[in-house]
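Please describe the local backbone features, the helix packing and the sheets of the structure below.

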Amino acid sequence: MQQPQPLQCTSLNFRDFQFAQAMLFAIEEINKSSDLLPGISLGYILYDSCGSIARSVKVALSLANGNDVESALSKETCLRPAQVQVIMGETSSSPCMAIATVIGPLNIPMISHFATCACLSDKTKYPSFLRTIPSDYHQSRALAHLVKHFGWTWVGAIRTNDDYGNNGMATFTETAQQLGICLEYSVSFFRTDPAEKIQNIIEVIKSSTSKVIVAFLSHMDMDVLIHELSHHNLTGYQWVGSEGWIFDSQTAALDRYHILDGAIGLSIPKAHVTGLKEFMMDLKQLNSSGNEIFIEFWETLFNCRFKQSESSAGADRECTGHEDLTGVQNSFTDMSLMPIFNNVYKGVYAVAHALHKLLNCDKTCNNSVKLEPFMILQHIKKINFKTKEGDEVHFNEDGDPPARYEIINWQPRENDAVDFVTVGLHDASLPPDKQLDLQSDSIIWAKNSQQVPVSVCSEKCPPGTRKVLQKGKPVCCYDCVQCADGEISNTTDSFTCVRCDPEFWPNERRDACIKKEAVFLSYEEIMGALLTAASLFGTCMTAAVAFIFFRYRKTPIVRANNSELSFLLLFSLTLCFLCSLTFIGRPSEWSCMLRHTAFGITFVLCISCVLGKTMVVLMAFRSTLPGSNVMKWFGPAQQRLSVLGFTLIQVIICVLWLTISPPFPFKNFKELKDKIILECALGSPVGFWAVLGYIGLLAILCFIFAFLARKLPDNFNEAKFITFSMLIFCAVWITFIPAYVSSPGKFSVAVEIFAILASSFGLLICIFVPKCYVILLKPEKNTKKNMMGKGAPKSN
């Protein structure tokens with residue numbers, strides 16, 4: 001086994017060098033200021049951690065212990081304490097976590113300009129950590145709301161496999177689930193991972209159905225990924241990026257195949273620090289230094305090499321040390337990271353303002369104050385000032401600044417360049433419904449499209465349907481099932497259908513409840529019109545018969561069998577025909593009470609008259625027998641009393657029915673699903689069947705008497721016609737009962753009307769039509785002689 005080689009920096013990173021330059025600019029500006037820390041000069045020590053967490057911790061411990069090397073030849077008096085008071089940096093979250101864990105117990109403040117992991121806001125773990133860039137907690141939630149805003153519910157996710165990526169994606173995933181967004185896949189990698197792992201990620205993207213990819217990556221990891229994506233020409237995906245890469249010009253320069261065209265994401269708001277660019281472009285101060293780092297910087301910047309230098313192998317010319325930056329375009333001259341430079345600038349000024357307050361500076365500062373890291377930390381937490389550009393600087397209780405982001409859109413332009421266009425803002429300090437402000441019309445999407453891409457597992461369920469989740473798949477994958485009968489959904493992507501109120505029914509699309517059609521037997525419909533016509537025809541026919549009987553009232557055939565009962569029977573038949581009209585039309589409280597009681601009373605009156613006529617015929621024959629005086633009990637007065645008595649019983653039954661539980665209008669929702677049947681509820685079924693039963697009892701008695709008198713002499717006998725009428729009557733009403741019970745809605749009313757009309761026509765035709773025939777067509781038979789000539793019964 002061999003001992004590991006010590007860590008060594010192998011190349012110069014222009015970006016980190018720019019951050020150092022921004023810090024030097026701020027320190028130099030403060031030291032020249034007469035308003036801030038007058039008479040006090042800030043010092044600094046620069047260390048390059050080379051992106052190594054182990055090296056970062058080593059440097060932090062060195063700074064905390066004061067083990068830096070001082071020049072023994074220095075003649076100037078140094079009033080600073082042995083250990084460093086504040087640490088500026090690191091750039092990434094993972095090194096910051098390691099350093100903050102080490103220096104936290106020592107209360108040494110640490111201010112980062114680009115470490116965004118939400119985990120660093122935990123003051124129990126990192127009590128001395130602060131930063132000038134917002135926490136990823138807000139960024140992750142903002143990204144989720146941005147995805148939701150465009151209707152993307154089925155997305156893929158790629159993250160850096162470190163604290164920045166893992167914590168940021170965890171918050172994004174949690175918020176996305178709350179917003180109804182599903183992740184088809186969530187993969188991670190680190191730039192140093194084997195090529196096979198990155199290749200697996202490419203295969204996952206290829207096999208996916210989602211068209212939106214949320215990339216929570218650092219710019220270094222995105223540079224590695226874009227290289228592989230370009231190899232496979234994976235264009236057409238809509239990328240949503242974090243601030244780690246979304247506004248990085250180096251990443252844009254690497255995207256030669258336009259993989260990321262149309263990308264959208266969050267970035268730190270644009271900023272400008274007056275004089276910073278000029279300071280960075282001033283190479284005289286760098287040229288004057290003989291440090292090896294700056295020699296390497298110079299050679300890398302101009303692609304040259306100094307004499308006796310091997311650090312720039314392959315360079316095609318030698319450096320003179322007097323090169324000019326005019327015309328040089330590389331990552332060092334690129335000022336697109338000015339917002340991050342501004343964060344470095346604000347961090348240095350935060351320290352200066354805290355020291356200014358701590359040293360009680362006015363025109364001069366109190367140099368006798370003993371500076372302790374804890375005191376500096378407490379003062380930094382409380383600072384609140386504005387920079388010369390007007391940016392407000394302060395920290396909340398977690399050591400974080402206000403969370404404000406610009407929404408950046410990658411818009412391709414000529415010469416394969418990319419414009420980072422601001423298309424909106426996100427301010428976490430505003431109410432939730434006002435945090436996101438977008439100008440969607442100015443966004444260019446993937447494939448240079450003007451239309452918002454669609455990325456869903458299942459299409460939206462339209463109103464009238466509901467979601468049914470697909471077994472074994474995320475909640476974003478579902479089938480759309482039409483709402484059941486009687487239910488609607490009036491929103492898109494509804495999970496449930498709502499049942500309509502009983503008086504309403506879904507429309508054809510099942511997205512609204514409409515009032516049900518009221519169904520009842522009306523005069524306007526064909527069946528109602530036919531029954532009305534039949535009723536009126538029967539009434540007219542009865543009136544015609546009554547007119548004939550009245551005109552020929554003195555003829556023998558009219559007088560032969562109690563003309564008074566005949567006219568009373570015709571009157572009751574007229575009422576029977578007319579009472580059927582009460583069953584037609586919209587049921588009301590009065591019509592419901594009238595229709596059944598009027599029907600019951602008029603029919604009893606009718607049957608009572610028929611019963612009286614039958615008994616008179618039968619008794620008249622018996623009275624002709626020797627020694628019989630039975631007719632004295634069936635005179636006109638007794639006949640009237642019998643009709644009155646029979647009818648009075650029915651009236652009493654009806655009064656009791658109406659008093660105890662009368663019929664009433666009723667809306668039947670059960671018979672038909674999509675219609676309301678307006679009908680008359682019986683109130684008391686006992687009352688209804690008592691009325692019918694009494695009519696049936698009288699009809700049976702009448703039939704029995706008529707049957708007994710069926711063989712009497714023809715000219716004197718109308719019993720056989722009454723028998724026929726009673727047979728029809730009984731047949732109709734026996735058939736009526738099962739038909740009435742089984743018929744739905746208005747058809748049960750129609751059956752009842754038909755029974756009334758059929759039985760009324762049966763009585764009218766069987767009893768009166770033969771007499772009318774004789775009166776009108778056979779007048780020679782309408783004589784007393786003819787009636788009496790065949791009055792005796794035939795002998796056997």
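Asn107 is found in the loop between H3 and strand E2 (110–112), where helices (H or I, at least four residues) and strands (E, at least two) are DSSP runs, numbered from the N terminus. This is a predicted model, in which local features need pLDDT of at least 70 and side-chain atom pairs count only at pLDDT 80 or more, while totals for chains, interfaces and linings use all residues. Residues are numbered from 1 along each chain as its sequence is written, and side-chain values use heavy atoms, with hydrogens and water left out.

Although Asn107 is not a glycine, its phi is positive, at about 60°. At 24% relative accessibility, Asn107 counts as partly exposed, given that buried means under 20% relative accessible area, exposed over 50%, and partly exposed in between (1.4 Å probe, protein chains only). His258, in the loop between helix H8 (249–254) and strand E8 (264–267), also has a positive phi, near 60°, in a residue other than glycine. His258 counts as partly exposed, with a relative accessibility of 26%. As background, most residues other than glycine have a negative phi, and most peptide bonds are trans.

## A cis peptide bond

Gly89 and Glu90 are joined by a cis peptide bond, with omega at about -5°. Glu90 lies in the loop that runs between strand E1 (87–88) and H3.

## Packing of H2 with H3

Two packed helices are described by the angle between their axes and the distance between the axes. For helix H2 (residues 53–65) and helix H3 (residues 93–103), the axes come within 9 Å and cross at roughly 30°; axes are lines fitted to C-alpha atoms, for helices over the stretch in contact, and angles run from 0 to 180 degrees between N-to-C directions. H2 passes H3 in a right-handed crossing, a crossing being left-handed if the near helix is turned anticlockwise from the far one by less than a right angle, and right-handed if clockwise.

The contact (heavy atoms within 4.5 Å) is made by Ile53, Ser56, Val57, Ala60 and Leu61 on the H2 side, and by Ser94, Pro95, Ala98, Ile99, Val102 and Ile103 on the H3 side. These contact residues of H2 and H3 divide into nine nonpolar, two polar and no charged, where Ala, Val, Leu, Ile, Met, Phe, Trp, Tyr, Cys and Pro count as nonpolar, Asp, Glu, Lys and Arg as charged, and the others, Gly among them, as polar.

## Packing of H4 with H5

Helix H4 (residues 136–149) and helix H5 (residues 163–178) pack at an angle of about 45°, and their axes are 8 Å apart. H4 and H5 are therefore oblique to each other, since angles under 35 degrees count as roughly parallel, over 145 as roughly antiparallel, 65 to 115 as roughly perpendicular and the rest as oblique. The crossing in which H4 passes H5 is right-handed.

From H4, the residues making the contact are Asp136, Tyr137, Ser140, Arg141, Leu143, Ala144, His145 and Val147, and from H5 they are Tyr164, Gly168, Thr171, Phe172, Thr175, Ala176 and Gln178. The division of the residues in this contact of H4 with H5 is seven nonpolar, six polar and two charged.

## The sheet E1-E2-E3

Strands of a sheet pair through backbone hydrogen bonds, either parallel or antiparallel. Three strands, in the order E1-E2-E3, form an open sheet with parallel pairing; two strands pair if DSSP finds at least two bridges between them. E1 and strand E3 (129–131) are the edge strands, each pairing on one side only. E1 and E2 run parallel and are joined by two bridges, and Met88 has Ile111 as its bridge partner in E2.

## The sheet E20-E22-E21

Another open sheet of three strands has the order E20-E22-E21 and mixed pairing. Its edge strands, each of which pairs on one side only, are strand E20 (517–519) and strand E21 (664–668). On average, neighbouring strands of this sheet are turned by 30° against each other, direction ignored.

E20 is joined by three bridges to strand E22 (residues 675–681), and the two run parallel; in E22, Lys675 is the bridge partner of Glu517 and Ile677 that of Val519. E21 and E22, by contrast, run antiparallel with five bridges, and they form a hairpin with six residues between them. Pro665 has Cys680 as its bridge partner in E22. Six of the seven residues of E22 are buried, so E22 is largely enclosed by the rest of the structure.

## The chain as a whole

The protein chain holds 22 helices and 22 strands, and 48% of its 796 residues count as buried. Among the contacts in the protein chain with a separation of 6 or more, 67% are accounted for by residues 24 or more positions apart.
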